[in-house]
Amino acid sequence: MAKDPMRVLVTGAAGQIGYALVPMIARGAMLGPDQPVIIHMLDIEPAAEALKGVTMELIDAAFPLLKGIVATTNAVEACKGVNVAIMVGGFPRKEEMERKDMMSKNVSIYKAQASALEQHAAPNCKVLVVANPANTNALILKEFAPSIQEKNISCLTRLDHNRALGQISERLKVHVGDVKNVIIWGNHSSTQYPDVNHATVNTGKEWKPVRELVSDGQWLNTEFITTVQQRGAAIIKARKLSSALSAASAACDHMHDWILGTPKGTWVSMGVCSDGSYGIQPGLIYSFPVTCEKGEWSMVQGLQIDEFSKAKMDATAKELIEEKALAYSCLN
């Protein structure tokens, strides 16, 4: 029996990340090779012509799984009946721009999109916020879409998680698939804490701790962390454009694992609503290690946290608390 199509919304669909993301979804990278999709694409009025071009390319690519396209500049039309929403659209911070000005623009965007999703999305719609500031945009969305269960609202830190896996695999000259259980704690910003204390590597005979194999605590506690934190800026410097390909790929990974499940014994990083675990203020959207099964995520509990890690985790939580206050001041 063929599956019913799932409706997947991508906002900001004519932008760099959207353009990289929609073919991945249409090819089955997000929801699996046997799951038909109808892609809903939303963008702003000035991008309407570019959106037409993306639509033409989706048609020209002749994807067997793609059962329909909705391309629109109307948020209500875009949100109708969607099962999955990938929120890529946002207002980017421009040079000379105050953080508060960027926050204020994004607060109004996410407030409006929250109400469109709340009223028109399918029940149990899963939402992933990609646009920065991702954690706080997700928090605003959660506030203004109270009927969407908070466990169904998340933000993207999988890109940072994948970057951390990549750095360890490069350092140890092993395949990235042989590294698992790194953790990104906190904010998708330069305060995030990439943690390898529980990560392991498959040596062919057994899984060994990353710390044991790297055997350079100085590198792991300094350069490794800053490389992951500042990778996005390094890519912009090299490419003169943001990391659209890897962000799109990470969004696929995030949704794929959330809906289809994580492999046994493996966890991933997701920005989700804190319940107070690990001493993080409840209600913040904060990146934690999670496992997923049958469309539900569960936080990995009981991990030992050393003092170095605790200080880093608290610092990124502090930034999120400040961002939350700034976002609320924009609302008033």
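Modeller: Over residues 6-153 the chain is 43% helix and 19% strand. Helices here are DSSP runs of H or I with at least four residues, strands are DSSP runs of E with at least two, and both are numbered from the N terminus. An unreviewed UniProt entry annotates residues 6-153 as "domain: Lactate/malate dehydrogenase N-terminal". Its positions are given in the numbering used here, its feature names are shortened, and such annotations may be inferred rather than shown by experiment.

Some ground rules come next. This is a predicted model, so local features need pLDDT of at least 70, side-chain atom pairs count only at pLDDT 80 or more, and totals for chains, interfaces and linings use all residues. Residues are numbered from 1 along each chain as its sequence is written, and side-chain values use heavy atoms, with hydrogens and water left out.

Now to helix α6. Its 15 residues should span 21 Å at 1.5 Å a residue, and its end C-alpha atoms are 21 Å apart, which agrees. The expected span is 1.5 Å times one less than the number of residues. Is α6 enclosed or open? It is largely enclosed by the rest of the structure, because 11 of its 15 residues are buried. Buried means under 20% relative accessible area, exposed means over 50%, and partly exposed lies in between, with a 1.4 Å probe and protein chains only. Among the buried residues of α6 are Arg-158, His-161, Ala-164, Leu-165 and Ile-168. Just after the helix, Lys-173 takes a positive phi of about 55°.

Val-182 is buried, at 1% relative accessible area. Which residues does Val-182 touch, leaving out those up to four places away in sequence? They are His-161, Ala-164, Leu-165, Asp-195, Val-196, Ala-199, Trp-267 and Ser-269. Contact means heavy atoms within 4.5 Å. Lys-111 is another matter: its C-alpha is 33 Å from that of Val-182, and the two are 71 residues apart in sequence.

Arg-171 shows another side of α6. Its side chain meets that of Asp-216 in a salt bridge, at 3.1 Å from N to O. Arg-171 lies in α6 (residues 158-172) and Asp-216 in the loop between α7 (210-214) and α8 (217-221), so the pair ties together parts 45 residues apart in sequence. A salt bridge is a side-chain nitrogen of Lys or Arg within 4 Å of a carboxyl oxygen of Asp or Glu. Side chains of opposite charge can pair when their charged atoms come close. Arg-171 is partly exposed, at 36%. Asp-216 is partly exposed too, at 27%.

A search of the whole structure finds 10 salt bridges. One of them joins Glu-296 and Lys-151, at 3.4 Å from N to O. Glu-296 is in strand β14 (residues 296-299) and Lys-151 in the loop between α5 (134-144) and β6 (153-155), so this pair links distant parts of the chain, 145 residues apart.

Lys-208 and Glu-212 form a salt bridge as well, at 3.5 Å. Strand β10 (residues 200-202) and β11 run antiparallel and are joined by 3 bridges. They belong to an open sheet of 3 strands, in the order β7-β10-β11. Its edge strands are β7 and β11 (207-209), each pairing on one side only. Two strands pair if DSSP finds at least two bridges between them.

Finally, the core. The largest nonpolar core has 72 residues, and Ile-168, a buried residue of α6, is among those with the most contacts inside it. Such a core is a set of buried Ala, Val, Leu, Ile, Met, Phe, Trp, Tyr and Cys residues joined through side-chain atoms within 4.5 Å. In soluble globular proteins, nonpolar side chains tend to be buried together.
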